[in-house]
Amino acid sequence: MIDHLTIRVRDFDDSRNFYAAALKPLGYEVLREFDIPGYGKICGLGVEGKPELWLAKASAEHPTPLGQHLALRARSRAEVNAFYAAALAARARDDGAP
């Protein structure tokens, strides 16, 4: 079982806003935010008080990964559809409907 995962992003603020909006239908919210000197901004999103998905600004030492696939569990088909609609509204690119 995975406890948490960090995704490196090019534009931290835009990514934070996107993931917060897209994952809201799944119950995710931004639970922790830090601006660490020498490291930069990070935030943790999760449900029920537990950050599971972390976003951090990419750097030369920690570049943005390409070609990654991330799947999150939904409790119902309605939640899947709400997530899909929220992600598109937050400017996601459609890679195929659920």
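Predicted model: local features only at pLDDT ≥ 70, side-chain atom pairs only at ≥ 80, totals over all residues.
Residues are numbered from 1 along each chain as its sequence is written, and side-chain values use heavy atoms, with hydrogens and water left out.

Although Arg-91 is a residue other than glycine, its phi is positive, near 85°. Arg-91 has a relative accessible area of 61% and is therefore exposed, where exposed means over 50%, buried under 20% and partly exposed in between (1.4 Å probe, protein chains only). Most residues other than glycine have a negative phi.

Next select Glu-48, in the loop between S3 and S4. Glu-48 is not a glycine either, yet has a positive phi of about 55°, and with a relative accessible area of 80% Glu-48 is exposed.

Now display the strands. Four of them form an open sheet with mixed pairing, in the order S1-S4-S3-S2, two strands being paired if DSSP finds at least two bridges between them. Strand S1 (5–9) and strand S2 (29–36) stand at the edges, each with a single partner strand, so one side of each has no neighbour in the sheet. On average, and with direction ignored, neighbouring strands of this sheet are turned by 25° against each other; the axes are lines fitted to C-alpha atoms, for helices over the stretch in contact, and angles run from 0 to 180 degrees between N-to-C directions. S1 and strand S4 (residues 50–57) run parallel and are joined by five bridges, and Arg-8 can be found opposite Ala-56 in S4.

To see the largest nonpolar core, select Ile-7, Val-9, Phe-12, Ala-20, Leu-23, Leu-26, Tyr-28, Cys-43, Leu-45, Leu-53 and Leu-55, 11 residues in all. Such a core is a set of buried Ala, Val, Leu, Ile, Met, Phe, Trp, Tyr and Cys residues joined through side-chain atoms within 4.5 Å. S1, H1, S3 and S4 each supply at least two residues of this core, and H1 gives the most, with three. Centre the view on Leu-55, whose contacts, leaving aside its neighbours within four places in sequence, include Ile-7, Phe-12, Tyr-19 and Cys-43.

Finish with the two aromatic pairs of the structure; rings of Phe, Tyr and Trp (its six-membered ring) pair if their centres lie within 6.5 Å, and planes under 30 degrees apart count as stacked, over 60 as edge-to-face and the rest as tilted. The rings of Phe-18 and Tyr-19 have centres 5.2 Å apart and planes at 80°, so this pair is edge-to-face. Phe-34 and Trp-54 form a stacked pair, 6.4 Å centre to centre with 15° between the planes. Phe-34 lies in strand S2 and Trp-54 in strand S4, so the pair ties together parts that are 20 residues apart in sequence. Phe-34 is partly exposed at 41% relative accessibility, whereas Trp-54 is buried, with a relative accessible area of 16%.

Note on methods. Helix = DSSP H or I, 4+ residues; strand = E, 2+ residues; numbered from the N terminus. Contact = heavy atoms within 4.5 Å.
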